[in-house]
Amino acid sequence: MKLALGPLLTYWPRAAVQRFYEEIAASPVDTVYLGEMVCSRRHEVAFEDWLAIGERLVAAGKEVVLSAQALTESEGDLKLVRRAVANGRFRVEANDWGAAHLLSGTRGWVAGPHLNLYNPQTLALVAELGATRWVAPVEATREMVAGILAQRPARLDAEVFGYGRMPLALSARCFTARRFNRQKEDCGYACMDFPDGMALETREGKPFLAVNGIQTLSAGVYCLAEDLAALREAGADILRVSPQSTDTVEVLRTLRAACDGRLSSYDARKALAALAPGRLWNGFWHGRPGMEAA
Amino acid sequence: MDLVCPAGSLPSLKAAVDHGADWIYLGLRDDTNARNFPGLNFDAAALTEGLAYAHARGRKVLVAINTYPQAGNWARWTAAIDRAAALGADAIIVADSGLMRYASHAHPGLALHLSVQGSATSYEAINFFHQHFGVKRAVLPRVLSLSQVELVVRRTPVEIEVFGFGGLCVMVEGRCALSAYACGESPNTAGACSPAHAVRWRETPAGLESRLNGILIDRYAKGERAAYPTVCKGRYAAGDDTYYAFEEPASLNTLEFIPDFGRIGVRAVKIEGRQRSPAYVAQVTRVWREAIDAWKAGTFALRPTWMAALDRHAEGSQHTLGAFSRPWK
């Protein structure tokens, strides 16, 4: 099982991002997804900076993929997607059908988790259009992944979201700006104060969600450390870890050790529970609500 | 500009036809559509009768087959498409690309509409579905401003349909797993958001509580109007603030935009609410028919009687122009 680091979903200061990927370069991760996938207003890390970070990671032996923005509304958003598609250096992860359209006919693109690929027929279609990797939707169950991969197109690998706050929804509205009664266009980049998302609790104090600008994440942390054997059996090749503001490298080391059999799944889960910014959940994989531990 | 109205049952379909809908959209009685609620939707007999009723009056019927099939149940979705084609549906509304390919090969004469659940928010995305499957019309997610809708209309040969009235998704349709996160079922895979079986209402000393699979979505003081507990319409605490973290419960009402829709080339306006009563369908259809006819005649002016009639059907009695006007921009 390979490990991938998903795109940085939250908004961090430029220096923190640079430092983070320096550490990642020395971590036991195989693939790193880069780029701003959530909000086109975020500008701490310029496109050229992402490319430079990509070069640094390639030099460290990592595979680099650029993640295209998931929700496009304006011509400006489309320009960003076109720039990622035309980067000429790295593979690109399509996160909407506009990006898939632009990538169709090229070879080696990644069909991202927001494309809604739930069945073998639709996966075959994107494979014909040049995709060579499928990232399962976050709510994918074991049964779904196994069912799709039983009819896997040739030379296509499969990646499953395996650790991190779950990306659950996207909206045109910015919910972080809303909290501070700011307009989206004049948000003051409030999301930068919440490096793992802004926690929302229910009215009885139960951690529930985490707001990340236009994106809604789970409060709890998805963790498939105890499901690695089932993941392998279902045909998954790559486990995706979502960046968090602390201890991401330790998370990667722990999962690497668990994948290699150097750490029991019980010990891996215990170690990850101490590193995670929320409770560990794995309901989706077991066909249960996402905020349950099976 | 076509008026596209919902029908969750035969009486609703007849109400829509009788009150002036150009198109009526409906779903089959299973999880192949995004309003998979108990007691709702059409079996083969009801669909046959509904099609006959609509066609006899020169109206068209759309069958929504707009959820995402999975490996083990693909055949149920293709069977739904075959049935819609065999019974004479005028078009089907589909979200999944693989299913679109199936439909375009198996039934080349059957018009394809791209569902809002397909989550295509740009002309590049819509043109993908046009180029590969010949999609004729696309329903836009409720996230674009009027000028963004206009840009899409100008850059695609596909007819554009927008939501005009009814319940409002705060999140991008087809990109929301909040309900699955809380209770295990979401529109994409189960055809339902906050399914009734997972919802509980309870009077407590602290107020009326709404829960989804045990999770407290909101609590209402006496006199507060309660909203159906979808995750996005709840009140939560961030730090010391407890508030509608995503949006106040409100319904979309864009009646005043009819002239704008016409000017920018929107081809159809859709009324949400297959889960609503025949009376809702009748009243909302009647108002929108009158308003569109007034616009066509060049006499459009917003009438207070229209707004009053529509306000009666709003969530929390509130209406919003949604993303079209973007008050939060």
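User: In strand 8 of chain B, which residue is the bridge partner of S171(A)?

Analyst: Strands here are DSSP E runs of at least two residues and helices are H or I runs of at least four, numbered from the N terminus. The partner of S171(A) is M171(B). Two strands pair if DSSP finds at least two bridges between them, and strand 7 (residues 157-171) of chain A and strand 8 (residues 171-176) of chain B are joined by two, running antiparallel.

Keep in mind that this is a predicted model: local features need pLDDT of at least 70, side-chain atom pairs count only at pLDDT 80 or more, and totals for chains, interfaces and linings use all residues. Residues are numbered from 1 along each chain as its sequence is written, while chains are lettered from A and ligands numbered from 1 in the order in which they are written.

User: How many residues of chain B are in contact with chain A?

Analyst: Contact means C-beta atoms, placed from the backbone, within 7 Å. By that test, 53 residues of chain B meet 54 of chain A.

User: What about a sheet inside chain B?

Analyst: Strands 9-10-11 of chain B make an open, antiparallel sheet in that order. Strand 9 (199-204) and strand 11 (215-220) are its edges, each pairing on one side only. Five bridges link strand 10 (residues 207-212) to strand 11 of chain B; within strand 11, R219(B) is the bridge partner of E209(B).

User: How many helices and strands does chain B have?

Analyst: Chain B has eleven helices and 16 strands. Its C-alpha trace spans about 60 × 55 × 40 Å along the principal axes.

Key
Two residues are in contact if their C-beta atoms, placed from the backbone, lie within 7 Å.
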